[in-house]
Amino acid sequence: MSLWEFANPARFMRISGAALPWVAGLAAVILPAGLAWGFFLTPDDYRQGSTVKIIFVHVPAAMMAINIYGMIVVASLIWLIRRHHVSALAARAAAPIGATMTVIALLTGALWGQPMWGTAWAWDPRLTSFFILFLFYVGYIALWAAIEDPDKAADLTSVLAMVGSVFAVLSRYAVNFWSQGLHQGATLSIDRDQNIDPVFWLPLLACIAGFFLLFLALLLVGTRTEIRARRARALQLAMAG
Amino acid sequence: MPDLGPYATAVLGAYGVTIAAIAGLVAWLVLRARRVRRELAGLERGRRRSDG
């Protein structure tokens with residue numbers, strides 16, 4: 001099956017309708033299990049004490065915030081190049097989920113930073129670029145809502161998404177570009193021999209999987225809603241005309 | 001319940017914020033999905049009536 005088959009709204013509705021209960025069910029099991037594992041069954045860190053448990057919500061939310069923006073950029077490019085409506089509507093549906101993940105990452109980061117850094121906020125390169133990423137999410141959602149013609153809205157929001165992609169990249173790599181600020185480097189890396197201790201790493205992987213499945217389930221719900229809303233608008237226009 | 005020591009407020013706050021934000025997002029998406037589906041069903045009924 002080719003990826004482009006999803007570009008047909010009727011086929012997307014059929015396939016996503018069959019997949020949704022499984023994805024949502026997996027998310028409903030894995031996310032609470034991962035969070036409970038991290039909260040109840042991990043020890044305190046020798047230096048950070050019990051605040052290390054915040055990693056299980058902060059890191060997955062931050063990863064999702066950045067990667068969802070990446071998905072929006074890719075879907076926007078597909079819209080601009082191939083004019084597939086489902087990709088534009090999927091990008092629109094992903095934005096509120098990404099914005100929520102950004103808020104979670106910012107707030108849990110502040111709650112973690114206060115006892116560990118002595119401040120909830122600093123104009124550190126990573127924190128600042130993450131905050132700007134949140135503003136791009138808000139602007140993107142507002143722009144979709146402000147323009148009545150859906151194709152024009154998809155065009156303009158796609159351009160906005162491209163501009164904001166700079167901050168999505170910066171929020172991930174800012175600590176590498178500028179060796180200053182309070183935020184540490186990446187917690188997990190596939191090209192490193194040693195990551196954090198498995199006692200934290202394994203529940204963290206479970207939480208990342210749970211957050212990803214939650215995103216996938218909500219993205220399917222949101223995209224299906226956007227497709228229905230688009231059809232409802234077309235029917236309203238046809239009946240009015 | 002694990003002993004969170006002096007950081008109980010920060011840790012419980014972080015989990016509370018996360019669960020509240022996710023619950024709010026899920027509720028908003030599900031309610032909107034239901035409203036749009038109802039609206040579309042009504043419009044399609046109306047169109048069938050006017051066609052038939």
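User: Before we look at this predicted model, what counts as a cavity?

Analyst: A cavity is a set of grid points where a 1.4 Å probe fits but cannot get out. In this predicted model, there is one cavity of 30 Å³ or more.

User: How much space lies in the largest cavity, and which residues line it?

Analyst: The largest cavity holds about 40 Å³ of space. Its lining consists of A:Trp79, A:His85, A:Ala88, A:Leu89, A:Trp144, A:Pro150, A:Asp151, A:Ala154 and A:Arg230. Two elements of chain A, α3 (85-117) and α5 (150-177), each give two or more residues to that lining.

User: Let's turn to chain B. How many helices and strands does chain B have?

Analyst: Chain B has one helix and zero strands.

User: What does the C-alpha trace of chain B span along its principal axes?

Analyst: The spans are about 70 × 15 × 5 Å.

User: And how do I read burial and surface here?

Analyst: For burial, the cut-off is under 20% relative accessible area. Of the 52 residues in chain B, 31% are buried. The accessible surface of chain B is about 3,300 Å², and carbon and sulfur atoms account for 58% of it.

User: How far apart are the mean positions of the positive and negative charges of chain B?

Analyst: Chain B carries 9 positive and 4 negative charges, and their mean positions lie 8 Å apart.

Notes:
Residues are numbered from 1 along each chain as its sequence is written. Chains are lettered from A and ligands numbered from 1 in the order in which they are written. This is a predicted model: local features need pLDDT of at least 70, side-chain atom pairs count only at pLDDT 80 or more; totals for chains, interfaces and linings use all residues. Side-chain values use heavy atoms; hydrogens and water are left out. Helices (H or I, at least four residues) and strands (E, at least two) are DSSP runs, numbered from the N terminus. Buried means under 20% relative accessible area, exposed over 50%, partly exposed in between (1.4 Å probe, protein chains only). Accessible areas come from the Shrake-Rupley method with a 1.4 Å probe; for residues, only the protein chains shown count as cover. Lys and Arg count as positive and Asp and Glu as negative; His and the chain ends are not counted. The place of a charge is taken as NZ of Lys, CZ of Arg, CG of Asp or CD of Glu. On a 1 Å grid over the protein atoms alone, a cavity is a set of points where a 1.4 Å probe fits but cannot get out, and a pocket is an open set with protein on both sides within 12 Å along at least five of seven lines; lining residues have an atom within 4 Å of a point. Grid points are joined across faces, edges and corners, and a volume is the space filled by probe spheres set on the points.
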